[in-house]
Amino acid sequence: MNAVRPISLALVRNMLRLADVLVVVFAALLAYQLYLVNFLDALDGKHLLGIVLGALLTANVFPFFGLYDERYWRNWFRQLTRPLLAWMVVVAFMLVAAFVGKVSTDFSRGWVIVWFVAGSCGFIFVRIGLR
């Protein structure tokens, strides 16, 4: 008789963290492809640095919002709003860092907006998939 073993909560938590980081990276590349140019031809260092910074910030900021606490996974409203709030904090931090570093003019506002919207949609799809 084959017994079904439950999936470890730690595994689900880590996979969700990985999915969130991948959403940030793929949303940025999609925004770059749609809004600017073919990323295979002209992905410059500043945009690449912004993407890496966004991924690292996501990996470190999202846990502070309780996104990986399994006690809240059944709360549908929290699972849809908390990632968006955390994503807003990450984007705000990156915008402030770009402003302070005097490189904000190097980034297209359209690219940032498309990245933000694509990332928001990606987080919602990941949370729907978690259910």
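Biologist: Let's jump right in. Which helix does Arg-127 lie in?
Modeller: Arg-127 is part of helix H5. Keep in mind that this is a predicted model.

Biologist: Is Arg-127 buried or exposed?
Modeller: Arg-127 is buried, with a relative accessible area of 1%.

Biologist: And what does Arg-127 touch?
Modeller: Not counting residues up to four places away in sequence, Arg-127 touches Leu-16, Asp-20, Leu-67, Tyr-68, Trp-76, Gln-79, Leu-80 and Pro-83.

Biologist: Let me step back for a second. How many helices and strands are there in the chain?
Modeller: The chain has five helices and zero strands. Read from the N terminus, the elements go α-α-α-α-α.

Biologist: What does the C-alpha trace span along its principal axes?
Modeller: About 60 × 30 × 20 Å.

Biologist: What percentage of the 131 residues is buried?
Modeller: Buried residues make up 33% of the 131 residues in the chain.

Biologist: And of the contacts with a separation of 6 or more, what share comes from residues 24 or more positions apart?
Modeller: Those residues account for 77% of such contacts.

Biologist: Okay, back to H5. At what angle do H4 and H5 pack?
Modeller: Helix H4, residues 76-100, and helix H5, residues 109-130, pack at about 155 degrees, and their axes are 10 Å apart. That angle makes H4 roughly antiparallel to H5.

Biologist: Is the crossing left-handed or right-handed?
Modeller: H4 passes H5 in a right-handed crossing.

Biologist: Which residues meet there?
Modeller: On the H4 side they are Trp-76, Gln-79, Leu-80, Pro-83, Leu-84, Trp-87, Met-88, Val-91, Met-94 and Leu-95. On the H5 side they are Val-112, Trp-115, Phe-116, Gly-119, Ser-120, Phe-123, Ile-124, Arg-127, Ile-128 and Leu-130.

Biologist: How many residues of that contact are nonpolar, polar and charged?
Modeller: The contact of H4 with H5 divides into 16 nonpolar residues, three polar and one charged.

Biologist: Time for the rings. How many aromatic pairs does the structure hold?
Modeller: The structure holds seven aromatic pairs. One of them is formed by Tyr-32 and Trp-111, which sit edge-to-face at 6.4 Å centre to centre, with 90 degrees between the planes.

Biologist: Which parts does that pair tie together?
Modeller: Tyr-32 lies in helix H1, residues 9-36, and Trp-111 in helix H5, so the pair ties together parts that are 79 residues apart in sequence. Tyr-32 counts as buried at 4% relative accessibility, and Trp-111 is buried too, with a relative accessible area of 1%.

Biologist: What about Trp-87 and Phe-123, how far apart are the centres of their rings?
Modeller: The ring centres of Trp-87 and Phe-123 are 5.4 Å apart and the planes are at 70 degrees, so that pair is edge-to-face. Trp-87 in helix H4 and Phe-123 in helix H5 are 36 residues apart, and their pair links distant parts of the chain. Both Trp-87 and Phe-123 are buried.

Biologist: And which residues do the ring pairs link into a cluster?
Modeller: The cluster consists of Tyr-32, Phe-62, Trp-87, Phe-107, Trp-111, Trp-115, Phe-116 and Phe-123.

Biologist: New topic: where is Lys-102 placed?
Modeller: Lys-102 sits in the loop between H4 and H5. Its phi is positive, about 55 degrees, although Lys-102 is not a glycine. Lys-102 is exposed, with a relative accessible area of 75%.

Biologist: What does Val-61 touch?
Modeller: Val-61 touches Ala-86, Val-89 and Val-90, not counting residues up to four places away in sequence.

Biologist: And how far apart in space are Val-61 and Gly-50?
Modeller: They are 16 Å apart, C-alpha to C-alpha, and eleven residues apart in sequence.

Terms used: Residues numbered from 1 in each chain as written. Predicted model: local features only at pLDDT ≥ 70, side-chain atom pairs only at ≥ 80, totals over all residues. Heavy atoms only, no water. Axes fitted to C-alpha atoms, helices over the stretch in contact; angles between N-to-C directions. Helix = DSSP H or I, 4+ residues; strand = E, 2+ residues; numbered from the N terminus. Parallel < 35°, antiparallel > 145°, perpendicular 65-115°, else oblique. Left-handed = near helix turned anticlockwise from the far one by under 90°. Contact = heavy atoms within 4.5 Å. Nonpolar A, V, L, I, M, F, W, Y, C, P; charged D, E, K, R; others polar. Phe/Tyr/Trp six-rings, centres within 6.5 Å; stacked < 30°, edge-to-face > 60°. Buried < 20%, exposed > 50% of the residue type's maximum accessible area, 1.4 Å probe, protein only.
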